[in-house]
Each structure stands twice: as C-alpha cells, then as structure tokens.
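Please read them beside the sequence and the coordinates.

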Amino acid sequence: MRGYVKVFVFLVVIMATVLSGCKTQPTEQAKPAVGGKLTVLCTPQEDWCVALTQKFQADTGIETNYVRLSSGESVARLRAGKDNPEFDVWFGGPADGYMVAKNEGLLEPYVSPNAAVIPDALKDKDGYWTGIYVGALGFCSNKKVLDSLGLPVPTSWQDLLDPKYKGQIAMAHPATSGTAFTAFWTVVTLNNYDIDAAFTYYKSLHNNILQYTKTGSAPGPMAGRGEIATAIIFSHDCVKYQEEGMTDLVISFPKEGTGYEIGGVGIVKGAKNPDAAKLWIDYVLTAKTQELAATVKSFQLPTNPDAKVPEKSVKLADVKLVDYNFTKSAEAKKGITERFDAEIAPAPKE
Amino acid sequence: MQSLSLNRSLREYRRLASDWTLLLGLVVVVVFLAVAIVWPLLKILGVGFSADALALYRKYFSSPVYLRIMWNTVELGLVVGAVGTLLGFLFAYVQVRLDVPLKKFMNLMALLPIISPPFAVATAAIVLFGRGGLITYQLFGIRNNLYGFRGLVLVLSLSLFTVAYLNLKGMMEALDPALDEAATNLGANKWAVFRTVTLPMLIPGIAGSFLLLFVEAIADLANPLVLGGDFTVLASRVYIAISGEYDTLAGAVLSLILLVPSLTVYLVQRYWVSRKSFISVTGKPSGRHQSIRNPLVRWGLFAVVMLISLLILMLYGTVVVGAFTKLFGINFDFTLANFEFVIMGLGSQAMGDTSAMSAISTPIAGLLGMVIAWLVVRKSFAGRAVLDFVAMLGIAVPGTVLGIGYLLAFNAPLKIGNNVLLPALAGGTALAGGWIAIILAYVVRSVPAGLRAGVASLQQIDPAIEEASISLGADSSVTFRKITLPLIRPAFFTGLVYSFARAMTSLSAVIFLATPEAKIMTAQILNEVDAGRFGNAFAYCVILIGLVLAVIGLLYVVVGTSNGVERDLGRAR
C-alpha cells in the first residue's frame, strides 16, 4: 500500500507542476494588458525568427512567441482561424501570399510611420503589407555532383530539363511554399502569362525532381549534402548554406530571367494584440532591425535604404529579373497550387 | 426469450448502479470514449459522406494517380509488415532459443526504437546511406538513392519492428518446452520440430504483429514526407491537403479511405487471428527450452541479428554524434551550437509543453486502461465488448485520421442554439491554449496498451481473491484499489511507461493540433528535418530520448518492479 501512496504523491506532484505551468499562459492571455503579449506567424528561416522575436522581447518587454510556417501553410492557417485568429502579425514570406491574404480579408491595413522610407514598389498601396526584404530566386547546385554527372552549372530553365538530371533536382511544393510558387510564377511570366505553358514545363521538370519538400529552402541542404545536383531556391538561402559550411554549393541564375520575392509583414485581421502588432511592424522596418538578419546568416536585401547591405548578399542589379506581377500572381495562386497538387506532385515519373 | 435477456441486462445494470463507485467509473469511461473517440470519428464520417465528398471520391477513384497512391499505401504496409515481423521474429528467436553471447546488447537494440522520435532513423539513414552518405558515398563511392520505396521500407521496418519483437518474444517464452520435447522424442529432427510445432504455435503472434505493423506503417505521415521521393502515400496527401490548403473536406475523404484498410486489418486481427490461438497458458511453463545446437543455424542467425543490431547502434550513434557535430558528413567539428539553438530557441517551450502534456496524459491513460480492463474482465454487463472495442480504436484508427477528426470536432465550440455545450478544445484560441485536445489525443492513443496489458494480467488472477474482499465487506472501489491494482501492478506500470513514451514520440495524431501555446517537440523535429537542419534535429532527438529515459527511470523508482514489463509490453501491443 505504501507503494501506492508514493505513486499517488508522484502523480500529484507531476500534475501540480504541470498545471502551474500551463495555468499561467491562459490567464495572461485573458488579461488585455497593453503590449503584454504578441504571437508572430513567422515564415523566414527559423534562426531569424528566434533572433528577431528574442530581440523584440528584450527591447520592448512584450512577451513574444512565434510559430514558423511556410507561406502557403501560413495563409491556410490564417484562413482556418479567420473567425478567431490565433496570430497577431505575419512576418516574412513572398508578397504573393500577402496579396492572397489581403484579397481574402485576412489582413488589417496599417501604414507604419517607419514605412515612409520604404520604396513604393516594395509595399502595398493600401498598407495591408509592407516589404521587409527582397531576394532573387536562383539555382543552388552542388558542384561535385554536377561534375560527376558531367553537367555544367545550369544557367537556364531549359538546362534543368536535361534527362541527365533525372532525380537530381529538388524544389518545394507550391501549395506549402512561397519559394516554390515564386518559381512557378516566374515560368508563367516567362511564357507571357500562359499558365498552361508553365504547367507543361513543370510536368517535364517533374521527371527530374527527386522530392517536393514542405519548406522552400529545404532543397538547399539536400544539394549541400550531395543528395541532389540542383535546388531551386532563393539565392540568399543558398548563400546562407555556403556560409554555414556547405562549401560545394554554387549559385547560378537562369539567363531567361528569374523571379524574386518581396518579403512582407502585415497585421492579422482581428488580432488580439493590435498595439503590439503595430509596434512589431514599426520595429522590423527600422534599419537597425533589418541589419539583424545578416547576423544569423540571412542575406536577403533589406528594404530600408538606410540599412547596410550585407557584403554576401546577391545584388539584384547583377541578376536579370522578370517583371513579377504580385497582383496577378496572387489572383492565380489558389488555382495554380491546387492544379499543381492534383496534376503534377503525385504523378508518377516517366 | 428476448424479454428474458432484456430482463437480465436490466438486472445487471441495476446491480452496477447499486455500487456507486462502479457506476462512476463506468460513466467516466463512457463519457471519455464518447468525447475523445466516437465524436471525432462521427465528425469525419459526417464530412466524409456529405454530398461534396461524393464528388471527391469519384475523382479519386477514377484518377490513375490516386489509385496508384492507394496501392502505394497498401504496398508499403504489406512490405513493412512482412519485413518488420521477420526482423522481430529473428531477434526474438535468438533471444529465446539460442545460447549465444551479447544477447543483452541485442535485446537493448531491439527495444531502442520504442523510445525514439519518428525521424531519428530516417535522418541518420540519409546521412549514412544516402547519395552523399558517409558510408555509401564517402566510403564506397556509391550514390545510393534512399528516397522512395526502398528507403521507406528500411526506415519504417527498423523503427517499428520492436512491436513484433516484444510480441513474439513473449509468446516464445510462454511456449511449453514439453511440446518440443515430445516431438523430439517421437523422432522429429530440429527443423521438423520448428516447422510443425513451434511455427504453428506462433502463427497468431506472427499474424498479429504483421497486422499491427501494417496499420502503423500506413498511418505514418512523417517519413513519407521527408523520404518519400516520388513514392506518395495517403497519409502524406492528408498532410498536404490540410497544411497547404486547409482543405478539411479532402482531408476527411482521404482519411476515410485510409481508415478502410486499417480497420479491416484490425478486425481481421481481432476476430480471426485471435481465434486461431493454440496456446492456453496455465501458469509458468515448466522446464527450459533446449538451445539450438546446430552451429550453422546458431551462428548464422547470430551473425544476421548481430549485423542488424550493429546497424541500429550505428543509426542511433549517428543521432548522438550528429547532435554534437557542425555538419555531419561535411564538417565533423565538435559543437554545442545545435543544443544551444534548440534550447535557446523555441525548443525549450516545445520541450516543456510536450513533456507536461505527456505527463498529464500518462496517469490518466494508465488509470483509464486499468479501469476499462477491470470492467471488461471482471464485470458483466451488456455493451462490455463494445466498450473494449471502442477503447481499442485508439490504436486501430491511424493517428492521421484521429488528428483530422479532432480538427473537425474540436476546432469550433459545440453549440446547441446559443448555448455553448463544449468550448473549442483545439486550435490557437481554444480553451487552455489547445492543451486539452492534445492531451485527449495522447490518452486515446495510449489507453489500448494499458488496457491489453491489464486484460492479460487480470485474466491470470483468480476472481476468488476479489470476491473474498467483497464478501468481507469492501466495496468495489476499495477492492479495486487494495486488491486488484496491486495484483496488476506490473501491467499498470507497463501502461504508464508505454503511455509516456508513446505520447512523447507521437506525431501523426497531434501535428494538426499544435498551437502557439502548445508546441510539440516531434512537430519541431519535422520542421528541422524538412528544412535540412539535421544537427538541430539530432539534438532534439537526443533531448527527447533523454527525457523519456529519465521519466521511465523515475517511474521505475517510484512505481517499482521492472518485473514482466517487457513481457507485458509485448502483450500490450
């Protein structure tokens, strides 16, 4: 019997510790304390999310929590929580996703005083989202693997269709990842907005794809480890992996032209902590905050003209960019991702 | 005739009702099962058979791509079931029937997967045996493609075969050696004995293991997501439908399709295989098994099992080494950065949340399992079999399906008119930050293990002991507490250990339920693996394994006796 008293005490102690732990969260949430709390939906690389939320919390005293989700997943989550949102602010990820969210009424407009310095091309005219970084899409290849396959570094979208690449290319799934959608829309743009032509291209490319990942940047480390020859990812992510020690990686760009992203930030409609959310936006638009990215090896180009451009960053002037129309892409996004998911991603390879 | 049986069941209920603790126990169990299993499943059925859904079925069943995906799912289940059962059988046979060195080591390697998170093996396999793998490429220069069917079979078999091992080991130990001796005395050689006596006796165990592995393999959403390549299965389609589009309709329809093979297999196992059982255990078997002497068989089997054990050791060794390595396979410098990232980042919240939710669910699942076992074995009332069946659904329904059911059932408050009957339990704005739904899911997934262990051990205890207690004036609750519980203590302990390990390592059932307030470690590990930050993923795995081991150790100390734990675990599954 004494054994059972011990068990009971043990369980009670565990339950008590645990309950005391979880009780603090809901009660604090219930308090409408000004600037007490902030929940960020964070789309860039995880280490940037960590660095930024911790710095923000330290500087403002606002208890800041985040969940990292890819762009497509983020919109899906915001849609799911439309009536009772769990997030206050969405940070990072291509503007296409923000345009979709804006069109679906998932965002709240806010023009930060700090947004004045941001060029007009890099923010929504109605203030639903503001650009925080820019980066170009590229090919991130493992030189050693390319050599062993007898392939040159790819410099064109057509290069990737070479049968020698069979099972040697990876990209993310456009339904979950904004990176992959940017890649898709780039090909649409190159074909004069002919979506069917882009599908034809990705159907052929499908034969060379090893795996569609969940997160946009994920193919980068696959290339870095020699699992594949080429990853279709944002070039700044490739720089990050090079800097982190994946030294076989080389960056190249398609000569036809490549897409780019404007990473956005916006307030979630019906946010529980709107004041903290506004403060967050003011905060991330400052030059000082944007310079933080490079400290965690995120080499996107800052949108604030006063922020120092990291030496390692890929300069847009060196790359041929397509005329990426974020309004058009947002309108077509849902149809494209659904069609991609139905027709391409699960299809067997030839 | 009918009125007679109706009368009898009415009488039974009246007898139950006269004992209020018993009644309370029954009510708690029924309410729990109704809310946590039946309601979510009904929700899936409701959505899955709506008018919109029918069009989707038509689409899926007429599309060669989706038919292929369904076949892939079944094929994966069949092959993993077969390979995993074979592995379990080999390990168990060596353990029980061979007199060879290093058996303790092999036993440990076979048990390791039970406490390990779902991606440990997959990630380690990629860095060791993938195209850029340390062994395949850097040692032998082979660019081995691990993505796809082969890789999934390797990873899933090695992660899941523990179930088969424990099951078959328990069964082999329980076989009476007298049978073998009798056969030998009648002139049969060892091979004939194995073929005509041992193997037929093990058929239920082999079939049972195969079926359990089948269900686990087709329910797995995580490994196909990171290692599937162009081999797509239903579970990962469910994940993309929900996370990419939040398309609950497609999620529910795919879940229902996934539910069909799982439930079929479960029913077959329950009502057909168990009936084929030859074994009737009456106490401990007498005598000792004769070891196999044939050196070819003995050392051949030893070599095979030893090789696989070393493979497992290598895979988990990679997890540990990788956790302290900058970039495994590229830069082997020692670093603590992975741990720093995991602990300083949001890892610590995920660790805290997951451990706390697991710790809360563990005693609940343990107690519920024992109470249901006791009700099922000791009490007679109509609906007893239904109770057992519904409780066991927690394991027969794939985790992914359960997760979708929870999403549909608990994401919005349940209202009748304007009155809130049940507030939202899942999602970011739910009651208690979404903790309740996750804890419920953990409990549901863990109850079957404790239940089976409890049933097995109660059936071996003479009810006369409990009846004596009742005769002496104790009521049901005192009897349960003072007589029954101490007698089934090893089973209870097994239930606790298993519940905790299972909760900490589960992913499919809870991945859709994670919120900013309730972060789940395995979901974080999925993020790290998917994003290719293997060092962080390894660090997470090491911490998770450490936490599970620490709690099991603590439970050993407090609840005591490791006696029969392994055996019961085997039965539990």
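1. Helices (H or I, at least four residues) and strands (E, at least two) are taken as DSSP runs, numbered from the N terminus. In that numbering B:Val38 belongs to helix α2 (residues 20-48) of chain B. This is a predicted model, in which local features need pLDDT of at least 70 and side-chain atom pairs count only at pLDDT 80 or more, while totals for chains, interfaces and linings use all residues. Residues are numbered from 1 along each chain as its sequence is written, chains are lettered from A and ligands numbered from 1 in the order in which they are written, and side-chain values use heavy atoms, with hydrogens and water left out.

2. B:Val38 has a relative accessible area of 33% and is therefore partly exposed (buried means under 20%, exposed over 50%, partly exposed in between, with a 1.4 Å probe and protein chains only). Together with B:Leu42, B:Leu45 and B:Phe49, B:Val38 makes a nonpolar surface patch of about 360 Å². Patches are made of residues with over 30% relative accessible area and no salt bridge, like charges being joined within 9 Å and nonpolar side chains (Val, Leu, Ile, Met, Phe, Trp, Tyr) within 5 Å; the areas come from the Shrake-Rupley method with a 1.4 Å probe, and for residues only the protein chains shown count as cover.

3. Where does helix α10 (residues 190-219) of chain B bend? A kink of about 50° lies at B:Ile203, shortly before the proline B:Pro204, the bend at a residue being the angle between axes fitted to the seven residues ending there and the seven starting there. Because 21 of the 30 residues of α10(B) are buried, this helix is largely enclosed by the rest of the structure.

4. Over all chains there are 37 aromatic pairs (rings of Phe, Tyr and Trp, the last by its six-membered ring, with centres within 6.5 Å; planes under 30 degrees apart count as stacked, over 60 as edge-to-face and the rest as tilted). One of them, A:Tyr212 with A:Phe340, is edge-to-face, at 5.5 Å centre to centre and 90° between the planes. A:Tyr212 lies in strand β7 (residues 209-213) of chain A and A:Phe340 in helix α12 (residues 326-344) of chain A, so the pair ties together parts that are 128 residues apart in sequence. Both A:Tyr212 and A:Phe340 are buried, and both are members of one aromatic cluster that also includes A:Trp157 and A:Tyr202.

5. A:Lys37 lies in strand β1 (residues 37-42) of chain A and B:Glu517 in the loop between α22 (489-505) and α23 (521-530) of chain B, so the pair joins two chains. A:Lys37 and B:Glu517 are both buried.

6. Within chain B, B:Arg502 forms a salt bridge with B:Glu216, the closest N and O atoms being 3.6 Å apart. This pair links distant parts of the chain, with B:Arg502 in helix α22 and B:Glu216 in helix α10, 286 residues apart. B:Arg502, at 11% relative accessibility, counts as buried.

Definitions and conventions. Salt bridge = Lys/Arg side-chain N within 4 Å of Asp/Glu carboxyl O.
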